Amino acid sequence: MDITAPTIILTLVWGVAIGCVYILLATGLNIIFGVMKLVNFAHGQLLMLGAYLTWTISYAAGLNAYAAIIVSMLVVALIGVAVERLTFRRVLGGDKLNEIFVSLGLIYIFENAAMLIWGANSKQIVSPLSGLSLTLPSISITYDRIVAVFVVIATLIAFGLLIQKTKIGLAMRATSQRNSTAMLMGINVETIYMLTFAIGAALAAVAGGLYGIIFSFDYQVGALPTIIAFAIIILGGLGSIKGAIIGGLLYGIVEQLATLFFGGVWGSAVAFAMLIVVLIIRPNGIFGEKGE
Amino acid sequence: MQIKQLLMPFLRSNGFKIMLAAFAILAILPILVNDNFFLYVFTLIFVFSIYASSWNLLANSGQGSLGHAAFLGIGGFASALIGGSMSSAIMASLEVTKMPIGIMSVLIQIVVILLGGLLSAGIGFLIGLACVRLKAWYLAMVTFGFSVIAGTLSSQLDTITNGINGFAPIALVPNGYPFYILVISFAVFSITAMSLIMKSRMGLAFRAIHGNETEAKMIGINTAKYKLIAFVISTFFAGIAGGLYAYFIRFIQNDIFSPANSFLPLIMTVIGGLGTVVGPIIGSIFLVSLQQSLALPGVVESLRSSLGAYFPGVSNVGPPIAFLIIGIILVLIVIFSPKGLAPLFSKFLKYLTSEEKGKEAKKK
């Protein structure tokens with residue numbers, strides 16, 4: 001492929017669109033970590049469920065794909081509540097390895113259940129804008145990608161308002177600072193944990209719906225985005241929302257540029273190499289708090 | 001000195017007797033049963049017992065690796081490639097086209113598998129240097145990332161590894177009973193060595209670090225040093241398992257670096273019993289026999305005719321159902337029985353022996 005100005009611009013636009021999906025996933029992972037001090041390695045599987053549910057709702061009920069995302073968001077939030085109550089709550093605060101084991105069990109449960117329900121072949125969500133694109137001189141961008149960027153911005157603004165302006169957000173911030181003090185202030189920490197997990201799951205579902213409209217997906221789609229989202233929040237610092245946004249955009253653009261210049265094989269390997277180097281230099285991430 | 005102090009009581013202890021007895025029973029078993037499929041499954045179980053035990057040792061020091069497939073693969077590729085070049089050199093000097101099987105080839109087999117383990121441990125040392133300062137989830141991510149990088153490198157260096165299409169290592173020990181004996185010898189020695197390490201002062205340090213790293217540091221344990229040692233020992237045995245696996249399956253491909261292979265020892269160990277010697281073995285028996293029985297043509301066919309209609313999108317319903325159940329078992333075990341199935345197993349043993357004692361007491 002010739003590397004010309006239009007291809008680079010197109011790559012940047014693609015990078016921003018993909019980065020937006022990563023941002024949503026990373027923000028969800030981040031808020032769960034911030035409040036619950038829990039790393040949910042099965043977060044990408046919630047994205048996968050979001051994509052499949054959006055597909056089913058738009059296909060079976062004939063609903064507009066973007067409206068279907070809202071429905072799937074609610075369903076995945078409920079699944080998130082169930083997951084938190086039934087599994088993570090029982091191992092929270094104990095041996096960190098147990099949280100990793102439970103996440104892994106959840107990955108196996110969700111992926112295989114999805115494979116049994118929806119089959120092993122890949123699917124793509126048909127949106128009303130499919131096939132249409134904005135044509136500028138020498139480049140064309142599909143409308144779906146442009147809409148995806150705006151959906152992400154709207155979701156993040158709503159999320160920011162929830163965290164900054166509401167009582168629930170205040171309680172979540174208090175819990176994230178110190179849960180025992182939050183408890184003394186009359187906050188029901190267990191309810192906050194449940195809500196936090198539900199919100200994180202809902203963000204993953206939106207990411208899944210957008211992903212399913214832009215790309216085709218199958219039951220294994222969640223694995224790589226989880227890792228990428230994790231890389232993003234490690235770079236941006238665990239618990240920092242701003243870091244996740246900057247990291248997500250940066251990662252999406254770098255990944256697309258790396259694919260353009262070096263070829264697709266190196267995409268994830270380069271991401272991990274970067275991650276490992278950062279962690280060797282700073283074991284708590286670039287913007288993370290200093291350890292002991 | 002320390003080794004002698006460790007070894008002498010061990011040679012007199014019950015553990016040594018159990019080890020000898022286990023070896024004898026395992027060696028005789030296939031002669032009694034005399035079935036190829038049985039032998040195949042048993043060999044695989046012991047290869048994975050080594051692999052899962054190596055993961056267990058690392059987790060016992062508080063480090064949960066999600067990328068052990070990297071070391072399985074490094075050991076596998078290294079021993080298959082070194083073995084290949086050694087045997088082609090021998091074949092060229094003898095001017096034959098087929099590697100002669102004999103004491104010589106068995107020795108080469110043992111040496112190349114050990115070399116695979118050593119190379120894996122060498123790389124494990126370098127990765128371990130990066131990992132000792134990391135917290136649980138960062139470590140999980142870095143090890144996972146390393147297995148992805150190892151797979152990518154192996155496909156980029158395809159002219160050396162031939163990993164994309166895969167290749168068959170040149171046979172050095174015939175498959176079947178001879179290879180089974182090789183595997184159980186390696187398994188008995190490796191698992192005994194690892195259990196000795198876990199029972200020694202070093203193992204105590206590992207457990208202290210797992211319990212609470214800051215406290216371990218406070219009582220004067222050099223946590224970074226012990227974590228690194230655990231990493232090197234673990235990756236050495238994972239590499240050995242990789243070499244045995246490649247030579248047993250008679251095929252090695254980049255697939256070996258897949259995340260599924262990284263998760264396997266974790267699932268085996270957690271289901272069997274984290275931090276115990278028998279846990280990884282129980283888990284390996286459970287998982288390998290489940291996977292192998294699901295691959296039997298009769299089982300595949302009956303599952304398809306009974307359940308296939310409910311799941312039209314899946315061609316072979318056995319594996320997804322099995323892995324769904326394994327996922328549920330994993331979660332249930334972590335929540336309700338964090339020590340896995342091993343305590344149940346030892347309770348059962350105690351129950352048996354106490355009953356016998358009870359009978360003896362009654363007779364008296």
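This is a predicted model: local features need pLDDT of at least 70, side-chain atom pairs count only at pLDDT 80 or more; totals for chains, interfaces and linings use all residues.
**Exercise 1. Describe the make-up and overall form of chain A.**

Step 1. Begin with the secondary structure: chain A holds eleven helices and two strands. Read from the N terminus, its elements follow the order α-α-α-α-β-β-α-α-α-α-α-α-α.

Step 2. Compare the radius of gyration with the globule rule. For 292 residues the rule gives 19 Å, and chain A has a radius of gyration of 19 Å, so chain A is as compact as a globular protein of that length.

Step 3. The C-alpha trace of chain A spans about 60 × 50 × 35 Å along its principal axes, and 51% of the 292 residues count as buried.

Step 4. Consider the contacts in chain A with a separation of 6 or more: 73% of them join residues 24 or more positions apart.

**Exercise 2. Determine how helices α6 and α8 of chain A are oriented to each other, and which residues join them.**

Step 1. Helix α6 covers residues 167–177 of chain A and helix α8 covers residues 189–214. Their axes come within 10 Å and cross at roughly 105°.

Step 2. Angles of 65 to 115 degrees count as roughly perpendicular. The helices α6(A) and α8(A) are therefore roughly perpendicular to each other.

Step 3. Identify the residues in contact. From α6(A) these are A:Ile168, A:Ala171, A:Met172 and A:Thr175, and from α8(A) they are A:Val189, A:Ile192, A:Leu195 and A:Thr196.

Step 4. Sort these residues by class: the contact has six nonpolar, two polar and no charged residues.

**Exercise 3. Describe chain B and its division into domains.**

Step 1. Chain B contains 16 helices and zero strands. Along the principal axes, its C-alpha atoms fill a box of roughly 70 × 55 × 45 Å.

Step 2. A compact globule of 364 residues would have a radius of gyration near 21 Å, and the 22 Å of chain B agrees with this. Of the 364 residues, 45% count as buried.

Step 3. The domain assignment gives domain 1 (2–277) and domain 2 (295–364) of chain B. The centres of these domains, taken over C-alpha atoms, are separated by 25 Å.

Step 4. Domain 1 of chain B gives seven residues to the contact between the domains, and domain 2 gives ten. On the side of domain 1, four residues are nonpolar, three are polar and none is charged.

**Exercise 4. Locate B:Lys350 and decide whether B:Lys350 is buried or exposed.**

Step 1. B:Lys350 lies in helix α16 of chain B, which covers residues 342–363.

Step 2. Relate B:Lys350 to B:Ile25. These residues are 325 residues apart along the chain, and their C-alpha atoms are separated by 21 Å.

Methods: Residues are numbered from 1 along each chain as its sequence is written. Chains are lettered from A and ligands numbered from 1 in the order in which they are written. Helices (H or I, at least four residues) and strands (E, at least two) are DSSP runs, numbered from the N terminus. The radius of gyration is taken over C-alpha atoms; the globule rule is 2.2 Å times the number of residues to the power 0.38. A residue is buried if 20 or more other C-beta atoms lie within 10 Å of its own, exposed if 12 or fewer, and partly exposed in between; C-beta atoms are placed from the backbone. Two residues are in contact if their C-beta atoms, placed from the backbone, lie within 7 Å. Domain bounds come from an automatic or database domain assignment. Ala, Val, Leu, Ile, Met, Phe, Trp, Tyr, Cys and Pro count as nonpolar, Asp, Glu, Lys and Arg as charged, and the others, Gly among them, as polar. Axes are lines fitted to C-alpha atoms, for helices over the stretch in contact, and angles run from 0 to 180 degrees between N-to-C directions. Angles under 35 degrees count as roughly parallel, over 145 as roughly antiparallel, 65 to 115 as roughly perpendicular and the rest as oblique.
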